[in-house]
Amino acid sequence: MLLYCVIVVSEDLFLRVTKHYLPHLARLCLISTFLEDGIRMWFQWNEQRDYIEATWNCGYFLATCFVLLNLIGQLGGCVLILSRNFVQYACFGLFGIIALQTVAYSILWDLKFLMRNLALGGGLLLLLAESRSEGKSMFAGVPSMGESSPKQYMQLGGRVLLVLMFMTLLHFDSSFFSILQNMVGTALIILVAIGFKTKLAALTLVLWLLAINVYFNAFWTIPAYKPMHDFLKYDFFQTTSVIGGLLLVVALGPGGVSMDEKKKEW
């Protein structure tokens, strides 16, 4: 009981200290994979174009359009989100980029990468929910929809999609450490998904995912000319984006469709 009280007090203290800049850090982390990929499209223009042309046999022009669309769409979306201008349009554009890359790079048939892309989409869904104006109803003088408002369900969908990232981290072997990690990780992702003790569970997942990301995706330790460097770099920034989505959950809470919200009515 004493340990639980210490944890709750520490959580409240952390949220009070970070409440002014945590949403900004969350947005920066969330768009990091799009920013990195957009820059990579610029520096690896020829390689990306040649890959698309060879894989899909679509011709030089369409392959060039694909690379150009990814470059402008991702960098432009990042600028709009960081400047807080037309955030909803930027989110829809980045949703389109995720869908386009899922098909173009055959991610649709790779369950691990598909789940990570869905988790990335969950982070964007939370960002889209955050960008919606608070307390606005469709018509003047009409009460807001409250719990049934689209924003609440965006937050629910975002939370559920975010936890898919952790499904790819489960290890199915008989070692004590793996079993313990799977049990704790599963408990935490269930808490985030149903919205119970959401901020504490999401913050714990942030710390866990940050440690895993730095340890397993240390691309800076691999020479740039090796293919593994690009693979780990891509994985690192995609994981960082999921961390950004979880930080949004910590900063903004789970939303109306959650057990934490329902507890206030009990």
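This is a short walk through one predicted protein model, from its overall fold down to single contacts.

Okay, some ground rules. Residues are numbered from 1 along each chain as its sequence is written, and side-chain values use heavy atoms, with hydrogens and water left out. Since the model is predicted, local features need pLDDT of at least 70 and side-chain atom pairs count only at pLDDT 80 or more, while totals for chains, interfaces and linings use all residues.

So, the big picture. What do we find in the chain, helices or strands? There are 12 helices and zero strands. A helix here is a DSSP run of H or I with at least four residues, a strand is a run of E with at least two, and both are numbered from the N terminus. Of the 266 residues, 45% are buried. By buried I mean under 20% relative accessible area; exposed is over 50%, and partly exposed is in between, using a 1.4 Å probe and protein chains only.

Next, the annotation. An unreviewed UniProt entry marks "transmembrane region" at residues 60–82, 89–108, 176–196, 203–224 and 236–257. Those positions are in the numbering used here, the feature names are shortened, and such annotations may be inferred rather than shown by experiment. Let's look at two of these stretches in the model. Residues 89–108 are 80% helix and 0% strand, with 25 Å between the end C-alpha atoms.

Now zoom in on helix α2, residues 22–43, where you'll find W42. Is W42 buried or exposed? With a relative accessible area of 59%, W42 is exposed.

Side chains of opposite charge can pair when their charged atoms come close. I'm calling it a salt bridge when a side-chain nitrogen of Lys or Arg is within 4 Å of a carboxyl oxygen of Asp or Glu. How many salt bridges does that rule give? The count is five. One of them joins D37 and R40, at 2.1 Å from N to O. Both residues are in helix α2, three residues apart, or about one turn of the helix. D37 and R40 are both buried, and E36 links up with them in a network of salt bridges.

Another salt bridge pairs R49 with D50 at 3.4 Å, N to O. R49 is buried, at 10% relative accessible area, whereas D50 is partly exposed at 38%.

Then there's D235 with R116, where the closest N and O atoms are 2.3 Å apart. D235 is in helix α11 (residues 227–252) and R116 in helix α6 (residues 111–131), so this pair ties together parts 119 residues apart in sequence. D235 is buried at 7% relative accessible area, and R116 is buried at 4%.

On to the aromatics. Rings of Phe, Tyr and Trp (its six-membered ring) pair if their centres lie within 6.5 Å; planes under 30 degrees apart are stacked, over 60 edge-to-face, and the rest tilted. The whole structure has 12 such pairs. F86 and Y89 make a tilted one, 6.2 Å centre to centre with 55° between the planes, and both residues are exposed. F166 and W208 are stacked, at 5.7 Å and 25°. F166 belongs to helix α8 (residues 164–167) and W208 to helix α10 (residues 198–216), so the pair ties together parts 42 residues apart in sequence. Both F166 and W208 are buried. There's also one aromatic cluster made of F219, W220, F236 and F237.

Last stop: helix α7, residues 150–162, which holds Q152. Q152 is buried, at 15% relative accessible area, and its side chain reaches the backbone nitrogen of G256 at 2.3 Å. Q155 is in helix α7 as well, and is buried at 7% relative accessibility. How far apart are Q155 and G255 in sequence and in space? They are 100 residues apart in sequence and 5.9 Å apart in space, C-alpha to C-alpha.

That's my tour, thanks.

Definitions and conventions: A polar contact is a pair of N or O atoms within 3.5 Å; within protein, one must be able to donate a hydrogen and the other to accept it, and residues adjacent in sequence count only if both atoms are side-chain atoms.
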